[in-house]
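Please look over the sequence and the three-dimensional model shown here before reading the briefing that follows.

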Amino acid sequence: MKFLFSNPYWLWLSLLVIVLDQVSKQLILRNLDWYDVVPVMSNLNFTHLRNTGAAFSSFSQLPPWAFVLLGCAVSVGILIWLRRNLYGHQLVAVAMCLILGGAVGNIIDRVRHGYVVDFIDVYVGQWHYAAFNVADMAISAGAVFLILDMLLDWWRQSRKTTTESKHGN
């Protein structure tokens, strides 16, 4: 018999993401002025930036409440999914909880400040990737896990189909 965690068990990941995200942002807000740069290592700076838009500052003309509503809708949708799917789909549950934690972390910023605090600046030479934060990393990791789950499902289905065709079923 295999021990299986219920999907809501993974909500601790959401809480961990929220805490790490908010603590890291508070450290930036308290120690760096806007646009200050602190070199961390080759190709990585901490830079205090404000993002009033979505990913890559897109839709920055929209008011903060629009992003708050979107984040709340996503969060409620994830909680409903976790409630309706108590068992199974463990990788999806982990992915959803990471996305939930990231969404809530950024919602908190928008409610408190009207913008999201971004500070992780990855660059190569003069080219800088869009700055991001812990919440963004969790959302991205969750998206990667969702894609991985889809690929694994596809792979399992193709193996099952291949096996059935070999055995004449």
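The structure holds six aromatic pairs, where rings of Phe, Tyr and Trp (its six-membered ring) pair if their centres lie within 6.5 Å, and planes under 30 degrees apart count as stacked, over 60 as edge-to-face and the rest as tilted. This is a predicted model, in which local features need pLDDT of at least 70 and side-chain atom pairs count only at pLDDT 80 or more, while totals for chains, interfaces and linings use all residues. Residues are numbered from 1 along each chain as its sequence is written, and side-chain values use heavy atoms, with hydrogens and water left out.

**Aromatic residues**

- W34 and Y35 form a stacked pair, because their ring centres are 4.9 Å apart and their planes lie at 15°.
- W34 counts as partly exposed at 41% relative accessibility, whereas Y35 is exposed at 54% (buried means under 20% relative accessible area, exposed over 50% and partly exposed in between, with a 1.4 Å probe and protein chains only).
- F46 and F119 make an edge-to-face pair, with 5.5 Å from centre to centre and 75° between the planes.
- This pair links distant parts of the chain, since F46 belongs to strand β2 (residues 44-51) and F119, 73 residues apart from it, to strand β3; helices (H or I, at least four residues) and strands (E, at least two) are DSSP runs, numbered from the N terminus.
- F46 is partly exposed at 29% relative accessibility, while F119 is buried at 4%.
- Y9, W10 and W12 form one aromatic cluster.

**Nonpolar cores**

- Of the 15 residues in the largest nonpolar core, W10, I78, W81 and L82 touch the most other members; such a core is a set of buried Ala, Val, Leu, Ile, Met, Phe, Trp, Tyr and Cys residues joined through side-chain atoms within 4.5 Å.
- The largest share of this core, eight residues, comes from α3.
- A second, separate core of nine residues includes L32, L44, V117 and F132.

**Largest pocket**

- The largest pocket has a volume of about 670 Å³, taken as the space filled by probe spheres set on grid points that are joined across faces, edges and corners.
- A pocket is, on a 1 Å grid over the protein atoms alone, an open set of points where a 1.4 Å probe fits, with protein on both sides within 12 Å along at least five of seven lines, and lining residues have an atom within 4 Å of a point.
- Among the 25 lining residues, A54, A55, N106, D136 and I139 are the closest to the centre of the largest pocket.
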